[in-house]
Amino acid sequence: MLGPLAAAAVSVSLNGTLGPQTALLVINGQVKPVRVGSTVDGVKLLSLNEQGASVEAEGQRLQLTLGATPVALGAGSGGSGGSRAVLFASGGGHFVSDGSINGRATRFMVDTGATYVALGEAEARRLGIDFSKGRRAPFNTANGVVEGHMVTLNRVRLGQVEVYQVEAVVMPAAMPVILLGNSFLNRFQMRRDADTLTLDRRP
């Protein structure tokens with residue numbers, strides 16, 4: 001459980017590596033070399049491998065992948081799992097961020113036009129989601145009508161915010177990222193300011 005957080009948000013992303021023990025982290029817009037086990041500007045590097053870097057700030061752990069959009073850690077005020085997530089737009093204007101489903105790291109892209117959280121079958125299998133028993137339903141896509149499986153995700157985490165029992169659809173087509181649709185977004189009040197998107201948990 002996370003207690004009240006008085007500190008401002010720490011924006012962090014992975015920019016590269018300097019050998020097997022040092023990550024180049026972009027912390028609040030500044031590139032900083034950080035060794036495994038060390039803390040710089042409130043961000044501790046827990047581990048580093050080919051998949052990315054695991055960091056901790058303000059009591060929140062997050063898995064970073066190379067080139068992903070920065071995520072704000074330690075934003076907002078208390079509550080179970082936190083109450084605020086702050087995302088920053090990528091070069092293409094999309095809000096893409098690392099997060100997790102049922103405790104397993106993955107990558108999301110905010111899609112306000114999607115009714116549900118949507119992911120491909122391959123990613124669902126990697127995350128350990130048994131979609132074969134889910135209700136089958138037709139969905140309109142750019143490639144026509146396809147049939148997906150409706151499932152309920154136990155836990156969806158974005159930044160320091162965790163939401164439970166989120167409806168999702170598993171699509172047969174491969175998807176590069178998971179679409180974070182309104183079954184997740186409706187739990188929040190969204191505010192966009194230029195290239196920053198703030199999600200505040202609804203009371």
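**Close-ups of a predicted model**

View 1. In E16, Val110 finds its bridge partner in Leu180. This is a predicted model, and here we're looking at strand E11 beside strand E16 (residues 178–180), which run parallel and are joined by three bridges. In general, strands of a sheet pair through backbone hydrogen bonds, in either the parallel or the antiparallel sense.

**View 2. The hairpin of E10 and E11.** Then look at the turn, where two residues sit between the strands and Asn102 takes a positive phi near 50 degrees.

**View 3. An open sheet of four strands.** The order is E4-E5-E6-E7, and the pairing is antiparallel. Which strands are at the edges? They are E4 and strand E7 (60–64), each of which pairs on one side only. Zoom in on E4 and you'll see two bridges joining this strand to E5, with the two running antiparallel. Thr39 is a handy landmark here, standing opposite Lys44 in E5.

**View 4. Asp41, in the loop between E4 and E5.** Asp41 sits in the loop between strand E4 (39–40) and strand E5 (43–49). Its phi is near 50 degrees, a positive value in a residue that isn't glycine. The side chain has a partner too: Asp41 forms a salt bridge with Lys32, and the closest N and O atoms are 2.6 Å apart. Is this pair buried or partly exposed? Lys32 counts as partly exposed at 25% relative accessibility, and Asp41 is also partly exposed, with a relative accessible area of 45%.

**View 5. Gln165, a positive phi within a strand.** Gln165 belongs to strand E15 (residues 161–171). Phi of this non-glycine residue is positive, near 55 degrees. Gln165 is partly exposed, at a relative accessible area of 48%.

**View 6. A salt bridge between Arg84 and Asp200.** The side chains of Arg84 and Asp200 meet with N and O 2.5 Å apart. Arg84 lies in strand E9 (residues 84–88) and Asp200 in strand E18 (residues 196–201), so this pair ties together parts that are 116 residues apart in sequence. Arg84 is partly exposed at 27% relative accessibility, while Asp200 counts as buried at 15%.

View 7. Arg155 counts as partly exposed at 32% relative accessibility, whereas Glu162 is buried, with a relative accessible area of 9%. Elsewhere, salt bridges with shared partners link Arg84, Arg191 and Asp200 into one network. The total for the structure is eight salt bridges.

**View 8. The one aromatic pair.** The structure holds one aromatic pair. Phe184 and Phe188 make it up, with ring centres 5.1 Å apart and planes at 35 degrees, a tilted arrangement. Phe184 is buried, with a relative accessible area of 0%, and Phe188 is buried as well, at 2%.

**View 9. Zooming out to the protein chain.** The secondary structure comes to two helices and 18 strands. Of the 203 residues, 48% count as buried. The accessible surface is about 10000 Å², with 49% belonging to carbon and sulfur atoms.

Terms used
Residues are numbered from 1 along each chain as its sequence is written. This is a predicted model: local features need pLDDT of at least 70, side-chain atom pairs count only at pLDDT 80 or more; totals for chains, interfaces and linings use all residues. Side-chain values use heavy atoms; hydrogens and water are left out. Rings of Phe, Tyr and Trp (its six-membered ring) pair if their centres lie within 6.5 Å; planes under 30 degrees apart count as stacked, over 60 as edge-to-face and the rest as tilted. Buried means under 20% relative accessible area, exposed over 50%, partly exposed in between (1.4 Å probe, protein chains only). Two strands pair if DSSP finds at least two bridges between them. Accessible areas come from the Shrake-Rupley method with a 1.4 Å probe; for residues, only the protein chains shown count as cover. A salt bridge is a side-chain nitrogen of Lys or Arg within 4 Å of a carboxyl oxygen of Asp or Glu.
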